[in-house]
Amino acid sequence: MPNASSWSASSPLLLLWEDSSGTRIFLSLLYAVLAISGTLSNVMVIYLVFSFKKLQTTSNAFIVNGCAADLSVCALWMPQEAVLGLLPPNSSSLRSAEYRLVRGGLLGLGLTVSLASHLLVAFNRYVLITKLPSVYQALYQRRHTGCMIGLSWALALVLVPLLPGLWTPGSTQQPPPRQTDGSPRYTALLLALAVLGQTALLLHCYLGIVRRVRGSAKRVSVLNFHLLHQLPFPAAPPPPRRAQRRLSTVSVLLLCCVFLLGTQPLVWVSLLGFFLRPAPPALQAASWLLLCSLSALNPLLYTWRSEEFRRAARS
């Protein structure tokens with residue numbers, strides 16, 4: 001049986017150096033749960049948006065784009081990892097460089113488009129709530145929206161072949177004394193800086209929304225994020241203004257906290273490995289798993305407070 005370092009160097013599951021059959025089984029079960037729940041939730045959101053006209057808004061188009069990208073991770077990548085974790089360490093499937101590259105491509109494509117969709121949704125909501133209706137309608141015409149979605153996929157298709165080491169984390173987890181090529185460290189640094197910049201822009205948009213809602217006397221529905229082209233929003237008995245501002249702020253901050261929890265551990269683990277010393281393998285594995293788990297949580301993040309989605313699901 002191969003030793004721990006040879007298994008870890010080729011493992012797509014980010015196993016520890018002292019990996020065991022119990023560790024592989026646990027990770028396989030975790031991937032299976034995330035794959036099933038993520039696939040069902042992403043497919044449900046896509047189905048609801050395409051089936052109900054009221055849900056066919058610009059913001060939901062970006063959400064559907066993110067769900068399609070998340071399916072690449074949940075429906076295509078995670079099931080393979082769940083099965084491979086149950087195979088013996090000397091399996092030929094685990095040692096195939098071409099197969100690892102395909103799995104890395106699926107992961108990279110899905111995560112890149114998913115992160116881009118997060119930013120597109122945040123910017124869309126920021127423009128809607130903080131700018132004039134004429135500005136929003138001019139910027140988010142159907143043609144412009146399609147170009148934004150197309151650019152997110154074009155960016156992913158360009159980055160994935162150029163930086164293969166970026167999306168095959170198992171192949172970069174070599175023991176530090178044997179590492180002679182610094183390219184994995186630089187790809188990890190690029191990943192960290194890209195996610196950090198995307199996070200800064202996303203937080204700027206959502207915190208701008210919070211400031212506008214808290215300081216505005218207008219009724220802006222941030223709770224449900226109904227991004228309709230017809231403004232003002234449909235009349236409904238509003239909650240007390242103070243309670244509405246409080247709940248709106250909590251909803252936005254909760255979304256930001258979940259996003260930060262999923263992305264920032266990998267950012268700081270990558271920066272630590274580049275500037276100081278590699279983080280413990282368990283911490284590296286946990287940071288990647290948190291990032292991948294966002295693909296299963298994203299549909300809930302963007303629809304759990306939407307009354308329109310709940311009505312569509314009940315019907």
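The questions and answers below go through a predicted model, from the whole chain down to one residue.

Biologist: How many helices and strands are there in the chain?

Modeller: Local features in this predicted model need pLDDT of at least 70 and side-chain atom pairs pLDDT 80 or more, while totals for chains, interfaces and linings use all residues. Residues are numbered from 1 along each chain as its sequence is written, and side-chain values use heavy atoms, without hydrogens and water. Helices (H or I, at least four residues) and strands (E, at least two) are DSSP runs, numbered from the N terminus. The count is 11 helices and 0 strands.

Biologist: Is α3 mostly covered or mostly open, and how many of its residues are buried?

Modeller: Buried means under 20% relative accessible area, with a 1.4 Å probe and protein chains only. In the chain, buried residues make up 49% of the 315 residues. Helix α3 is mostly covered, the buried residues being 21 of its 27.

Biologist: Where in α3 does the kink lie?

Modeller: The bend at a residue is the angle between axes fitted to the seven residues ending there and the seven starting there. In α3 the kink is about 35 degrees and comes shortly before the proline P79, at W77.

Biologist: Which residues does I46 touch, not counting residues up to four places away in sequence?

Modeller: I46 is in helix α2 (residues 21-51). I46 is buried, because its relative accessible area is 18%. With contact taken as heavy atoms within 4.5 Å, the residues touched by I46 are V64, C67, A68 and L71.

Definitions and conventions. Buried means under 20% relative accessible area, exposed over 50%, partly exposed in between (1.4 Å probe, protein chains only).
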